[in-house]
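Colleague: I'm new to this one, could you walk me through it?
Modeller: Gladly, let's start with the model itself.

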Amino acid sequence: MPKVIPEYKEDAKRRIIEAAIDVIAEQGSDKMRIDDVAKKLGVTKGAVYWYFKTKEDLCSAVLNKIQTDMQKVEFESYYNRSLEDTLAQMYDRFALNDDRQRAIFFEMFAMASRNSDVRHATREYYNGLVSTFESVIKKKKRQYFLQTQTDDRKLALLMVALYSGLKNYEQVYMYQNEVRDLWLEGIKILLKTSYSGSYGEKTE
């Protein structure tokens, strides 16, 4: 058997994942078959199985790709902005405005309850969100925008819980711009007792 060149292997995996994203966005994860992914690529299903042993393995790779794409955005540029601007930028960064990504995101969460690999990928996605929010909290404390004794990670977890709940609303109840506005209002309430600047109220 000929050697698989690492660069070729990674490119092949990338193309399979992209094809899977298209198929899941069109059909849903439950209806997706490896045959469908192979057909979209114009290869045999055996070629797909060479890189991903199961459909669940491929679905986990899809979720990991979405997480990685989000993390590629440089966040340091937001640190010189006001806290409110930073929070708005955080929401926009993770908003899943791409229709394909949004469809995949909720499909993967549905699968997480049934598959441990997908559940692990979902947990890693959330860990990434919490870590990003926690880093912003720490930075704003150093800049004296925040003065609170609340544990940084607990505060980040609360922010992620608010974000996740609002994204669920967006699916069935509210428009994207309404959810974004509600996110900003919710964060104001969450951080009000620890915020040292002004959200429009008078300060002594």
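Modeller: Helices (H or I, at least four residues) and strands (E, at least two) are DSSP runs, numbered from the N terminus. This is a predicted model, in which local features need pLDDT of at least 70 and side-chain atom pairs count only at pLDDT 80 or more, while totals for chains, interfaces and linings use all residues. Residues are numbered from 1 along each chain as its sequence is written, and side-chain values use heavy atoms, with hydrogens and water left out.

Colleague: OK, which pattern does the protein chain follow along the sequence?
Modeller: Read along the sequence, the pattern is α-α-α-α-α-α-α-α-α, and the protein chain has nine helices and zero strands.

Colleague: And what percentage of its residues count as buried?
Modeller: Of the 204 residues in the protein chain, 42% count as buried, where buried means under 20% relative accessible area, exposed over 50% and partly exposed in between, with a 1.4 Å probe and protein chains only.

Colleague: Switching topic, at what angle do the axes of α5 and α9 cross?
Modeller: The axes of helix α5 (residues 83–93) and helix α9 (residues 176–191) come within 10 Å and cross at roughly 135°. That makes α5 oblique to α9, because angles under 35 degrees count as roughly parallel, over 145 as roughly antiparallel, 65 to 115 as roughly perpendicular and the rest as oblique. Axes here are lines fitted to C-alpha atoms, for helices over the stretch in contact, and angles run from 0 to 180 degrees between N-to-C directions.

Colleague: Which residues meet there?
Modeller: From α5, Leu83, Glu84, Leu87, Ala88, Tyr91 and Asp92 meet residues of α9 that include Trp183, Leu184 and Ile187, with contact meaning heavy atoms within 4.5 Å.

Colleague: Now Val130, is that buried or exposed?
Modeller: Val130, which sits in helix α7 (residues 116–142), is buried, with a relative accessible area of 3%. Leaving aside neighbours within four places in sequence, Val130 is in contact with Arg153, Ala156, Leu157 and Val160.

Colleague: How many residues apart in sequence are Val130 and Leu157?
Modeller: Val130 and Leu157 are 27 residues apart in sequence, and their C-alpha atoms are 5.9 Å apart in space.

Colleague: Last one, what does Ser60 touch?
Modeller: Ser60, a residue of helix α4 (residues 55–71), touches Asp117, Val118 and Ala121, not counting residues up to four places away in sequence. Ser60 is also buried, with a relative accessible area of 9%.
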